[in-house]
Amino acid sequence: MSLPCLVIGNCNYSSWSLRPFMALRHAGIAFELKKLWLDTPEFHPQVAALGGGRTVPLLVLPQQTLWESLAICEYAADVNPDLWPADPLVRAQARSLACEMHAGFMALRCELPMNIRARRRVSLSAAAQGDLARLFTLWQACREAHGGAGPWLFGSYSVADAMFMPVASRLATYGIDCPPLAAAYRDTLLGDPHFADWQAMALAESQVVAMDEAGEPA
């Protein structure tokens with residue numbers, strides 16, 4: 001049987017593609033990788049030909065195609081249940097954080113697009129500053145509660161960590177100051193060897209997507 005194929009956009013810019021890449025890697029699931037270049041005339045016909053949703057990421061399985069980052073992460077957790085905390089209440093909290101990241105932080109995501117290759121500076125709106133404050137509050141509460149069990153949000157690695165991986169990249173790109181616990185967790189995410197593999201692919205790319213080049217060079 002052929003391996004699952006994770007279809008992604010540019011490693012430099014596609015934050016939604018990065019999330020299931022991290023979850024599948026941490027789940028120990030072998031998969032192939034297929035990249036579709038964003039912001040090109042070919043992109044949408046290529047995605048449509050694969051079935052599923054109308055954007056990346058997609059996980060093409062022998063039986064069917066899955067779409068949406070969080071759904072693909074949930075599939076990884078079904079294969080490897082260790083990707084969610086074992087305690088039901090803690091697991092529910094981890095899912096709450098993952099869902100909030102999936103649906104929220106809109107100002108942060110719009111004003112600080114993922115751009116791994118760059119080091120840039122932006123002037124943030126009050127809404128984006130509020131998103132950052134909310135982010136740091138969530139991270140600090142989790143690390144205070146679970147720091148003794150390991151370096152991740154809930155001690156061991158979970159889907160919640162995969163969902164926040166692109167945010168850590170954004171914090172580095174735009175030089176965002178973090179409180180101590182949040183900074184330590186950011187560094188844990190950025191030090192993940194699976195992210196290092198993704199980052200190497202991003203650095204090897206040369207395509208520029210102008211709409212994701214926010215701010216000014218640092």
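Tyr185 has 1% relative accessibility, so it counts as buried. Keep in mind that this is a predicted model.

Looking through the whole structure turns up six aromatic pairs. In the case of Trp139 and Tyr185, the ring centres are 4.8 Å apart and the planes sit at 80°, so we call the pair edge-to-face; the cut-off for that label is over 60 degrees. The partners come from distant parts of the chain, 46 residues apart, with Trp139 in helix α6 (residues 126-146) and Tyr185 in helix α8 (residues 180-190).

## Where α6 meets α8

On the α6 side, the contact uses Phe136, Trp139, Gln140, Arg143 and Glu144. From α8, the residues involved are Leu181, Ala182, Tyr185 and Arg186. So Trp139 and Tyr185 turn up here again, as part of the helix contact and as an edge-to-face pair.

## The sheet

Now for the strands. Four of them make an open sheet in the order β2-β1-β3-β4, and the pairing is mixed. At the edges you'll find β2 (32-35) and β4 (65-67), each of which pairs on one side only. From one strand to the next, the twist averages 20°.

Which way do β3 and β4 run relative to each other, parallel or antiparallel? Strand β3 (residues 58-60) pairs with β4 in the antiparallel sense, over three bridges. Leu59, for instance, has Leu66 in β4 as its bridge partner.

## Helices on the sheet

Helix α1 (residues 15-27) lies across β1 (5-8), β2 and β3, and runs at about 155° to β1. Helix α3 (residues 69-79) packs on the sheet as well, where it touches β1, β3 and β4. The direction of α3 makes about 120° with that of β4.

One more aromatic detail: Arg19 places its charged end over the ring of Trp16, 4.1 Å from the ring centre.

Notes. Residues numbered from 1 in each chain as written. Predicted model: local features only at pLDDT ≥ 70, side-chain atom pairs only at ≥ 80, totals over all residues. Heavy atoms only, no water. Phe/Tyr/Trp six-rings, centres within 6.5 Å; stacked < 30°, edge-to-face > 60°. Helix = DSSP H or I, 4+ residues; strand = E, 2+ residues; numbered from the N terminus. Buried < 20%, exposed > 50% of the residue type's maximum accessible area, 1.4 Å probe, protein only. Lys NZ or Arg CZ within 6 Å of the ring centre and 35° of its normal. Pairing = 2+ DSSP bridges. Axes fitted to C-alpha atoms, helices over the stretch in contact; angles between N-to-C directions. Contact = heavy atoms within 4.5 Å.
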